[in-house]
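Subject: Structure handover

Hello,

Here is the structure I said I would pass on.

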Amino acid sequence: MTFPTRIDYAQALEIVARIGAQHRAPPQRLAIQRVDGRVLAQAVGAEFPLPPFDNSRMDGFAVRSADLSPEAPTTLTLAGEQFAGPEAGLVLQPGQCARITTGAPLPGGADAVVMKERVQVDGARVTVPAGIQAGHDIRRAGDDVQAGAQVLEAGQVLTPARVSLAAALGHADLAVFPKPTVAVFSTGDELVEPGMPLAPGQIYDSNRDLLMGLLRQLGLEPVAWPRLPDDPQRVETALRDAASAFDLVITAGGVSAGERDLLPGLLQAQGQVHFWKVRIKPGMPVLFGALERALMLGLPGNPVSVLATFLALGRPLIDALQGRAEPRPRFTACLASDWRKTHDRLEFLRGRLRSSETGVLLVEPNPAEASHQLRGAADSDALIVLEAGERDYAAGTPVTVLPY
């Protein structure tokens, strides 16, 4: 069986995006109260303008500009009131005005509004200042959205503001892509649940909580499965069970070339391998394939490798499964200190973002380079992308950063 191996990051990213799109579930319609954070599957248009009618920007008085003097105050007769809500059927005659509230439709004949703080009221007599012109303090129909306009695009994430816009246009439900179901496994006989006593040679399992947290940050509801032991039959049984019920199975550990790295052989024999090994640091042994109905993403076992490969490949895969077209945040920042890169692979280096006093975005590389040094990841908030090839980076060099 042949498959891509030791490929460049750009090629791995293209494969992840393409395969993810092929496995995307059909859209579903959800009530607008349930679409927050989902990816829109169908564009949203405006069947009517926003605002739908001319209305007042202020609490005040609706007037006819033709009645007003440009040189001196004008006294008008109060003819009635129009509050926000159904039209009162009021039509202003020459010399009349009407009390009005913010958002209320303009009475017939009115073409301007004067805020209440600028007028003098004496019973039914209202004196307005000079110089009020047509259109003053009025929101015109359609000055936000014109009828027929397309306001949201397929592939956009439904933020609260976008959901609000769709609601303002009367949409009771929207077509969205389903969230993928995800099963999470950590692997290895050396792993012990946090809180349990450690025997010599054992370590606490940190990868499962790391992956669960990263997935929850994406709005998913992952399911943590029991740890996979270093037993081929039990590994195959557990992964087949999960792969028959979930859209995506993510594992941590067991993907390198050691005697107990069982996942590459399992996928080659029982499933499909889309690629194995990517020329990145950390995380070169990362494995991507399929088993049963699920896609399989096998991440290396060191915790920093888990973090880096999930952000670099796992997150794009989940975005492709959900049809997300909007790119994730990528910043350009200047290195805050010198750095020497001594290998030829593309590297995801841990760093911390900050702003200089002059408003320049800086990123300070963390000196912890090894993929087992989890403290360095906890002290950082971004991955610095250092392109392939050995190079000395001087402080001030612009680099791409992926915030996490």
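Overall form

Please keep in mind that this is a predicted model. The protein has 404 residues, and its radius of gyration is 31 Å, whereas a compact globule with that number of residues would have one near 22 Å. Along the principal axes, the C-alpha atoms fill a box of roughly 95 × 50 × 45 Å. The secondary structure consists of seven helices and 30 strands. Of the 404 residues, 45% are buried.

Sheets and strand pairs

E3 is joined to strand E14 (residues 173-177) by two bridges, and the two run antiparallel. Within this pair, leucine 40 has valine 176 in E14 as its bridge partner.

With strand E24 (residues 331-335), E30 pairs in the antiparallel sense over four bridges. In that pairing, alanine 333 is opposite valine 399 of E30. Strand E28 (residues 382-386) is also joined to E30 by four bridges, and these two run antiparallel as well. Here alanine 382 is opposite proline 403 of E30. As background for reading any of these strands, side chains in a regular strand alternate between the two faces of the sheet.

The annotated domain

The UniProt record, an unreviewed entry, lists residues 183-320 as "domain: MoaB/Mog". In the model, this span is 36% helix and 25% strand, and its end C-alpha atoms lie 17 Å apart.

Met196, Leu198 and Tyr204 make a nonpolar surface patch of about 290 Å². Tyrosine 204 belongs to strand E17 (residues 203-204). With a relative accessible area of 37%, tyrosine 204 counts as partly exposed.

Arginine 227 sits in the loop between strand E18 (223-224) and helix H4 (232-243). This arginine 227 is partly exposed too, at a relative accessible area of 34%. From arginine 227 to arginine 240 there are 13 residues in sequence and 14 Å in space, taken C-alpha to C-alpha. Arginine 240 is also part of a network of salt bridges that links Glu236, Arg240 and Glu292.

Salt bridges

Side chains of opposite charge can pair when their charged atoms come close. How many salt bridges does the structure hold? There are 17 salt bridges, and three of the pairs are described below.

Arginine 140 and aspartate 54 form a salt bridge through their side chains, at 3.0 Å from N to O. Arginine 140 is in the loop between strand E12 (138-139) and strand E13 (150-152), and aspartate 54 is in the loop between strand E4 (44-45) and strand E5 (55-56), so this pair ties together parts 86 residues apart in sequence. Arginine 140 is partly exposed at 36% relative accessibility, and aspartate 54 is partly exposed at 27%.

Lysine 281 has a salt bridge with glutamate 347, with 4.0 Å between the closest N and O atoms. This pair links distant parts of the chain, 66 residues apart: lysine 281 is in strand E21 (residues 280-281) and glutamate 347 is in strand E26 (residues 346-355). Is glutamate 347 buried or partly exposed? Glutamate 347 counts as buried because its relative accessibility is 2%, and buried means under 20%. Lysine 281, by contrast, is partly exposed, with a relative accessible area of 21%.

Aspartate 381 and arginine 352 also meet in a salt bridge between side chains, at 3.6 Å from N to O. Aspartate 381 is in the loop between helix H7 (374-378) and E28, while arginine 352 is in strand E26, so the pair links distant parts of the chain, 29 residues apart. Aspartate 381 is partly exposed at a relative accessible area of 23%, and arginine 352 is partly exposed at 41%.

Best regards

Technical notes. Residues numbered from 1 in each chain as written. Predicted model: local features only at pLDDT ≥ 70, side-chain atom pairs only at ≥ 80, totals over all residues. Heavy atoms only, no water. UniProt positions renumbered as here; feature names shortened; annotations may be inferred. Patch = residues over 30% accessible without salt bridge, like charges linked within 9 Å, V, L, I, M, F, W, Y side chains within 5 Å. Areas by Shrake-Rupley, 256 points an atom, 1.4 Å probe, with all protein chains shown as cover. Buried < 20%, exposed > 50% of the residue type's maximum accessible area, 1.4 Å probe, protein only. Pairing = 2+ DSSP bridges. Rg over C-alpha atoms; globule rule 2.2 N^0.38 Å.
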